[in-house]
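Reader: I am new to this structure and would like to learn how to read it. Please take one feature at a time.

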Amino acid sequence: MAAAASHHQQHRHPKRRRLALALSLSPSPTPDAAAPPLDSLADELLFLVLDRVAQADPRALKSFALASRACHAAESRHRHVVRPLRTDLLPAALARYPCATRLDLSLCARVPDAALASAVVSGPSALRAVDLSRSRGFGAAGVAALAASCPGLADLDLSNGVDLGDAAAAEVARAKGLRRLSLARWKTLTDMGLGCVAVGCAELRELSLKWCLGVSDLGIQLLALKCKKLTSLDLSYTMITQDSFLPIMKLPNLQELTLVGCIGIDDDALGSLEKECSKSLQVLDLSQCQNITDVGVSAILKSVPNLLELDLSYCCPVTPSMVRSLQKIPKLRTLKLEGCKFIADGLKAIGTSCVSLRELSLSKCSGVTDTELSFAVSRLKNLLKLDITCCRNITDVSLAAITSSCTSLVSLRMESCSRVSSGALQLIGKHCSHLEELDLTDSDLDGEGLKALARCSKLSSLKIGICLKISDEGLTHIGRSCPKLRDIDLYRCGGLSDDGIIQIAQGCPMLESINLSYCTEITDSSLISLSKCAKLNTLEIRGCPMITSTGLSEIAMGCRLLSKLDIKKCFDINDVGMLYLSQFSHSLRQINLSYCSVTDIGLLSLSSISGLQNMTIVHLAGITPNGVTATLMVCGCLTKVKLHEAFKSMMPPHMIKNVEARGCVFQWIDKPFKVEVEPCDVWKQQSQDVLVR
């Protein structure tokens with residue numbers, strides 16, 4: 001009998017075994033100091049503890065719930081977000097967590113009406129927010145059931161409902177208490193459906209109608225008439241014209257208006273605003289409105305005196321007269337001019353007219369010169385964020401002016417500023433020590449530059465991909481001095497080896513994302529060191545031929561939060577690596593296996609990762625149509641799969657239809673098999689040649 005008890009002890013549930021071990025290692029309380037029961041703790045205190053536990057490992061809450069009935073009940077009261085892996089789990093999940101206020105169905109590619117109706121069975125729900133933005137398969141009946149079962153619903157995201165229209169909108173209107181609603185990409189929605197929403201949801205504060213191509217001025221006018229409490233409205237890529245623009249601009253509480261790509265908005269519309277236009281607007285996005293000129297921009301600025309943020313990206317040429325009109329909005333803090341063409345003295349005018357700016361984006365602008373940029377930044381001494389990506393004509397002169405005048409910068413983006421020298425880049429570290437985000441991709445940065453950047457101890461994001469001069473020694477300085485680093489991009493930095501990566505892993509314990517693609521000299525040693533970064537969720541090691549399953553297995557065991565993995569052209573990663581991923585990487589959502597040495601066995605093992613959504617499996621010599629078929633049938637959460645076109649004719653058509661019916665999209669790739677990895681310097685030269693042509 002003792003032997004039987006011993007055998008039972010060895011084969012208990014692993015979570016209970018870990019709990020028993022933890023209890024056995026804890027000191028036994030003395031009779032005079034008995035531990036207080038869990039029920040005696042206030043929920044506020046207990047929930048704080050559970051929040052800390054969830055930050056370290058979300059799955060630990062499940063182990064906690066298994067400890068006792070009290071723990072089970074406490075975890076049930078604590079959870080406010082329900083995120084089921086499959087729709088058939090929805091009724092049980094809502095019954096298990098009656099205090100949940102948010103339902104996230106982003107892992108369910110297909111949500112039929114019956115699944116949403118199942119929420120009605122258990123009676124009224126406490127849910128206040130539902131996210132269906134990545135789900136398909138439901139219609140008006142499902143929306144009706146959801147609205148009926150959630151009387152307190154305030155936040156509903158139905159984005160990407162390309163098959164939803166007026167009937168579904170009429171059911172949305174039954175949710176009278178909605179405060180936030182997204183109907184983005186409802187391409188069949190018309191004014192009739194929008195009218196139902198406008199009449200039924202008068203309490204709306206935020207609404208997105210982006211890409212609702214069937215909506216016209218009539219529907220927008222009714223919306224403006226009925227929903228007076230709107231504070232945020234997105235009408236991007238709709239057919240809005242001057243007729244409905246004025247009613248929208250008169251909304252008394254409107255603070256944010258997004259009109260990206262609205263070709264019906266022109267100078268006449270912007271100039272039609274009257275003095276009674278609402279003064280509440282703080283954020284205005286007119287990017288990609290191709291029929292707007294500097295004349296129209298100057299006209300509208302007279303009517304928005306309290307504007308804080310203005311986006312004119314890819315909109316119109318920037319003239320001195322237009323910029324001078326910005327003086328009418330003295331509170332302006334953010335100005336985005338990405339892709340705009342600067343007329344002579346246009347950039348200088350920003351320096352004299354927008355002295356209160358905190359953020360300026362000049363990414364991909366033409367006409368940006370050293371003279372004008374230097375003058376502008378010399379006047380913008382309070383600037384916190386500056387984006388000069390692809391301003392290819394600026395030189396050391398501009399950077400010297402930036403670093404001497406804007407010493408409080410927290411974000412600097414200057415990718416592909418190829419005429420700035422390595423010596424000038426050192427000025428960033430010497431003068432801008434408050435930086436938290438820095439992008440020097442495709443620059444002349446070298447080891448000395450990295451040494452200088454080590455003074456920026458607050459860095460959380462560092463992008464230095466395609467910097468061919470950096471070495472392990474320079475990276476060592478970053479690892480030793482930037483403990484807050486969360487994101488580092490080392491794409492195609494061919495001069496790096498394990499030594500530099502190990503220093504980053506040891507010195508940056510908060511690391512969440514690292515890109516080592518085509519760093520061809522790194523080995524498993526780098527991955528072993530990175531496995532100690534418990535918060536790592538994104539790992540890109542594409543084209544690293546010296547990495548094997550040994551290193552990947554260490555990542556799987558150490559980085560339990562891993563959600564995105566790219567191991568394309570890691571030729572020595574095989575089924576062993578996949579088995580470790582299937583055992584430990586339960587948070588994995590996206591994986592690229594192309595060109596790896598994985599067979600059907602390894603591929604099928606990944607099906608145990610219940611939340612896996614995106615797979616790229618092109619040019620895997622070891623897989624067969626049967627193996628792919630079996631994997632796709634078992635992986636129920638897949639939303640996107642990339643396969644070589646040759647498999648299309650070798651897989652059963654009914655299987656493909658079944659997988660597509662679940663909400664999965666196939667992308668058939670017809671690319672030739674290419675094993676060799678080009679050296680970083682050769683690749684960069686070829687890229688520059690293409691850019692010149």
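Author: What follows goes from confidence to the pocket, then to a helix and some loop residues.

Author: This is a predicted model, in which local features need pLDDT of at least 70, side-chain atom pairs count only at pLDDT 80 or more, and totals for chains, interfaces and linings use all residues. Residues are numbered from 1 along each chain as its sequence is written, and side-chain values use heavy atoms, with hydrogens and water left out.

Reader: What is the mean pLDDT of the chain?

Author: pLDDT is the predictor's confidence in each residue, from 0 to 100. The mean for this chain is 89, and 90% of its residues reach 70 or more.

Reader: Over which residues does pLDDT stay under 50?

Author: Where pLDDT is low, the predicted coordinates should not be read in detail. Here that concerns residues 1-33, where pLDDT stays under 50. The model has 13 contacts for these residues beyond four places in sequence, a contact being heavy atoms within 4.5 Å.

Reader: Which residues does UniProt list for a domain?

Author: UniProt positions are given in the numbering used here, feature names are shortened, and annotations may be inferred rather than shown by experiment. The unreviewed UniProt entry lists residues 184-301 and 354-504 for "domain: F-box/LRR-repeat protein 15-like leucin rich repeat". Residues 354-504 are 36% helix and 12% strand, and the end C-alpha atoms of this span lie 40 Å apart. Helices (H or I, at least four residues) and strands (E, at least two) are DSSP runs, numbered from the N terminus.

Reader: What is the volume of the largest pocket?

Author: Rolling a probe the size of a water molecule over the atoms shows where empty space is left. The search uses a 1 Å grid over the protein atoms alone; a pocket is an open set of points with protein on both sides within 12 Å along at least five of seven lines, unlike a cavity, where a 1.4 Å probe fits but cannot get out. Grid points are joined across faces, edges and corners, and a volume is the space filled by probe spheres set on the points. For the largest pocket the volume is about 1900 Å³. Its lining (residues with an atom within 4 Å of a point) has 48 residues, and those closest to the centre are Lys62, Arg83, Leu85, Leu107 and Arg589.

Reader: Which elements give two or more residues to the lining of the largest pocket?

Author: They are helix 2 (14-25), helix 3 (43-56), helix 4 (60-65), strand 1 (81-82), helix 6 (90-96) and helix 25 (575-584). Helix 4 gives the most, with 4 residues. By type, the lining of the largest pocket has 18 nonpolar, 17 polar and 13 charged residues. Ala, Val, Leu, Ile, Met, Phe, Trp, Tyr, Cys and Pro count as nonpolar, Asp, Glu, Lys and Arg as charged, and the others, Gly among them, as polar.

Reader: Which residues of helix 22 are buried?

Author: An α-helix has 3.6 residues a turn, so residues three or four places apart point the same way. Buried means under 20% relative accessible area, exposed over 50%, and partly exposed in between (1.4 Å probe, protein chains only). In helix 22 (residues 498-507) the buried residues are Asp498, Gly500, Ile501, Ile504, Ala505 and Gly507. Their cover includes helix 21 (472-481), strand 17 (487-489) and helix 23 (524-530).

Reader: Is Ile240 buried or exposed?

Author: Ile240 is buried, because its relative accessible area is 2%. The residue sits in the loop between strand 7 (232-234) and helix 12 (242-249). Beyond four places in sequence, Ile240 touches Asp217, Leu235, Phe245, Leu259, Cys262, Gly264 and Ile265.

Reader: What is phi of Tyr314, and what is phi of Asp442?

Author: Phi of Tyr314 is near 50 degrees, a positive value in a residue other than glycine. Tyr314 lies in the loop between strand 10 (309-311) and helix 15 (320-324), and is partly exposed at 39%. For Asp442 phi is near 60 degrees, again positive in a residue other than glycine. Asp442 lies in the loop between strand 15 (437-439) and helix 20 (447-453), and is buried at 17%.
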